[in-house]
Amino acid sequence: MTGRHVAVVGAGPAGLAAAETALSAGARVTLIDSADQPGGQYHRMLPEAYRAVRPERPQHGWRDFDRRRRRVLAHPRCAWWPETSVWALERPDPEEPGVPRVHLLRGPADGGGRRRLTLAPDALVLAVGAHDRVLPFPGWELPGVFAAGAAQALAKGERVVVGDRVVIAGSGPFLLPVAASLLEAGSRVLEVLEAGTAATVARGWSRRPWQLAAHAAKSGELAEYAALLIRHRVPYRVGRTVVEARGDGRIEEVVTARLRPDWSVVPGSERTSPVDALCVAHGFSPRLELPVAAGCALRRTPGGEFVAVDYDQRTSCPGVYAAGEITGIAGAPAARAEGALAGWFAGGGDSAAPALRPLRRGRDRGRAFAERLAEAHPMGEAWPQWLRPETIICRCEEADYASVCRAVGNEASAGARVAKLETRAGLGPCQARVCGPTVAELGARLTGRPAQRHAEGAPTAGPHRRPIAQPIRLGELAEPEPSPEDPTAGPHPL
Amino acid sequence: MYGTRVVVLGAGIVGCACARELALAGLEVTVVDRGAAASATTAHGEGNVLVSDKGPGPELELAQLSRRLWPQVLTAVAERLAHAARAVEWEPKGGIVVATTDAGARELTRFAAGQRTAGVHTEVLDADALADAEPYVTREHTAALHYPEDAQVQPAAAAAALLADALAAGAVLRTDCEVLAAVTRGGRITGVRTSSGLLEADWFVNAAGPWSGELSTRLGAPVDIRPRRGDVLVTTPLPPTVFHKVYDADYVGAVGSSAGDLQTSAVVESTRGGSVLVGSSRRRVGFDDRLRPEVLSAIAVKALRLFPTLAGVPVMRAYGGFRPYVPDHLPIIGADPRLTGLWHVGGHEGAGIGLSVGSARLLRELMLDQPTAMDPAPFRVDRPAVLGGGAGTVVEEAV
């Protein structure tokens, strides 16, 4: 036993693997997730009460996951804290380097009885994953338009189908498992539309084929999804996307169009089809508010910003490790390998352990996979051409494209924070999680001014800065700050 | 004065207000900021235009001047730039100060009596009048006063509107441009070296807010302006719940205090978007921008004492900023006695949004040798709190 206390935030594939190896290294582990069961988005399960006879049916790698889940949750040195969210990470005084203190709220988010707790761990593993990136287009705010991940969560977690006649559109291989989940749950999927053109996708996937072979598990999974689409006679079209959703109070039809490699619309290629639901995902946005709150450095890639980690999954912040989609979008196998490495080192494991070699290999294969994923499914530069002046950019605050253009196009109000306060884009309940990357990108294009330079001491205006990571009620905030929990204590009674 | 070149250092609300006054007076104005305009302290405050929190004295007089100027300035801006002026969200909603202890009530009554002699409008609210004005405020109060002159603006938009007006009058904005050092000749500043080259001018205005101390040190004429951190909580949008700017009587004490450790007092108000802003805290922690949950907690405790019904309302974000603080709590407006051509406007602590237009007016009058709207002597640079021994600590804190 190393006696170290490791807090793992997120119990998806990466977090669960991290908990497992931290325990093997001899540490005590507190595993935290906002859901009531482990698994994350990838292994989302039906709630206990609605558990089907064979809950594993719509699942991949279920058996391994189930074994790992049981091992971790039953371990005497593991405390499993479901329905617990991290609302703040408190960085230590720069004079006394240490791991950020973890401020938690325990209990169902909509319930009245949440408790405030804090943890002062020796190491912190952040494995909080990603959510769908959804680009705006006319009508995307209509009821019946879903982020693909949300639709999948409904299908997997509650067996709720979003509609009878569904179109899935966007970019990236994630569209396939979403289609599979919807088909399994009983929806009719009319078509799956990949915005990338055939040439772009093929170029990305055919380059360096040995990497793909090495990543056989993931390719195999994709092949299965493809087979499922064929079985259900669902067309998979490349170089086409939904450029408009229409309907009276609810989506009734979509306009799809053929795209050029830069995602500009080929004139005259528009087609209208009746639907009752649309699922969209244009890749993923890593959930960066906790890494940013912890003070972790980010790295910029063609596919967006991610947490920078070293060979052992260490971030720039001492004692803080990152694993899974926040370090790069690479899927569950890579997330598991990263999580296993992060947990081992966070738990004080020996860096010469022989088991590390296959893990590192797995992780490196995952990163290579992430790279080719980004190459095969780049976001086309010309997507803002889909927008009209009245197109909503921020759904929470109903800020439209014209107001964003006006604010950032005006020299006096072009500063990111000034434009945000003026247009209100990003100030609503989702706190820019959906529109943040879009507004940042539009701002950079319209002003020709890249991301805002950070002046020393000046408040940062980054799109991922959310010091309050989850809403907390004023009454909860007013409770006296609890002293750090004893990690050896088991699950906390509510 | 045509042809006189002025460089305003800092594009926060004070710099923007100065740029506007000087550009409209016919000077050739360049505004420089190391980041983007209105993005630092200006965009992290509550947008207060208050007279209620100041006792009789020069700062109240400056606040009254500014309160008179704001509607005039916005009307003038609206004639040229209607959209920018609308975005300012000028709202003369009035302030209500509530005491919850007997000692607080006595202090508030005494304070208001002094303000009345200085021409501030205040009216005592009895329990019924308070319940009419603010139905959700605590019933457990011992005194309440209404200040009809208090107003609110959306601060970043206010700065942007002043700046846009300055630009329309011929001023030039240079962002991402950091000042490194002064170029002097014979005791006179003739230029500044910046990250994007040399800028020459006849006059330079230090309007760098809480960074004024550091900037003035770089220019070789240090003034003692230090950062004092504040935090604000923002709730999810609510149906109308808070109708005025409502604060507890402790706030007045906190504004005037010099304590370095944490001070909190409740300041609660709604924005046009429906969110409720909950402040405020004062801490002297240099430029440390880390979130401190115990500070947010202390703010929440005080706010709930005023509005117990807000306990179930979710806070969806918090932001913090740095106020420019001078040890004697008076702004600095005037020429530097050591370096000819350098002027300072700053040190307004938490009142800079409100006081910006009055300060800019005084600066213009002093620069152009015009009769001044009020006696500017209390704000002179040449006073012990500004040039005294404290100036050395500015450098330390800034490092």
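This is a predicted model: local features need pLDDT of at least 70, side-chain atom pairs count only at pLDDT 80 or more; totals for chains, interfaces and linings use all residues.
Trainee: At roughly what angle do the axes of helix α3 and helix α4 of chain A cross?

Mentor: Two packed helices are described by the angle between their axes and the distance between the axes. Helix α3 of chain A spans residues 148-158 and helix α4 of chain A spans residues 175-185. Their crossing is left-handed. The axes come within 9 Å, and the crossing angle is roughly 35°.

Trainee: How many nonpolar, polar and charged residues has the contact of α3(A) with α4(A)?

Mentor: On the α3(A) side the residues are Ala148(A), Ala151(A), Gln152(A), Ala155(A) and Lys156(A). They meet Pro177(A), Val178(A), Ser181(A), Leu182(A) and Ala185(A) in α4(A). By class, this contact has seven nonpolar, two polar and one charged residues.

Trainee: Is Arg300(A), which meets Glu305(A) in a salt bridge, buried or exposed?

Mentor: The side chains of Arg300(A) and Glu305(A) pair with an N to O distance of 3.3 Å. Glu305(A) has a relative accessible area of 22% and is therefore partly exposed. Because its relative accessibility is 62%, Arg300(A) counts as exposed.

Trainee: Are Lys54(B) and Asp53(B) buried or exposed?

Mentor: The side chains of Lys54(B) and Asp53(B) meet in a salt bridge, at 2.7 Å from N to O. As for accessibility, both residues are buried.

Trainee: How many residues apart are Arg383(B) and Asp328(B)?

Mentor: The closest N and O atoms of this salt bridge are 2.8 Å apart. Arg383(B) lies in the loop between α10 and α11 of chain B, and Asp328(B) in the loop between β17 and β18 of chain B. The pair thus links distant parts of the chain, 55 residues apart.

Trainee: Which residues are linked with Glu244(A) in a network of salt bridges?

Mentor: The structure holds 46 salt bridges over all chains. In the network that contains Glu244(A), the linked residues are Arg246(A), Glu253(A) and Arg388(A).

Trainee: About what area do chain A and chain B bury between them?

Mentor: The size of an interface is often given as the accessible area lost when the parts come together. Here, 44 residues of chain A are in contact with 50 residues of chain B. Of the buried area, 57% is on carbon and sulfur atoms, and the area itself is about 4,100 Å².

Trainee: How many salt bridges are counted between chain A and chain B?

Mentor: One salt bridge joins Arg91(A) to Asp289(B), with the closest N and O atoms 3.8 Å apart. The count between chain A and chain B is three.

Terms used. Residues are numbered from 1 along each chain as its sequence is written. Chains are lettered from A and ligands numbered from 1 in the order in which they are written. Side-chain values use heavy atoms; hydrogens and water are left out. Axes are lines fitted to C-alpha atoms, for helices over the stretch in contact, and angles run from 0 to 180 degrees between N-to-C directions. Helices (H or I, at least four residues) and strands (E, at least two) are DSSP runs, numbered from the N terminus. A crossing is left-handed if the near helix is turned anticlockwise from the far one by less than a right angle, and right-handed if clockwise. Contact means heavy atoms within 4.5 Å. Ala, Val, Leu, Ile, Met, Phe, Trp, Tyr, Cys and Pro count as nonpolar, Asp, Glu, Lys and Arg as charged, and the others, Gly among them, as polar. A salt bridge is a side-chain nitrogen of Lys or Arg within 4 Å of a carboxyl oxygen of Asp or Glu. Buried means under 20% relative accessible area, exposed over 50%, partly exposed in between (1.4 Å probe, protein chains only). Buried area is the accessible area (1.4 Å probe) that two parts lose on being put together, summed over both.
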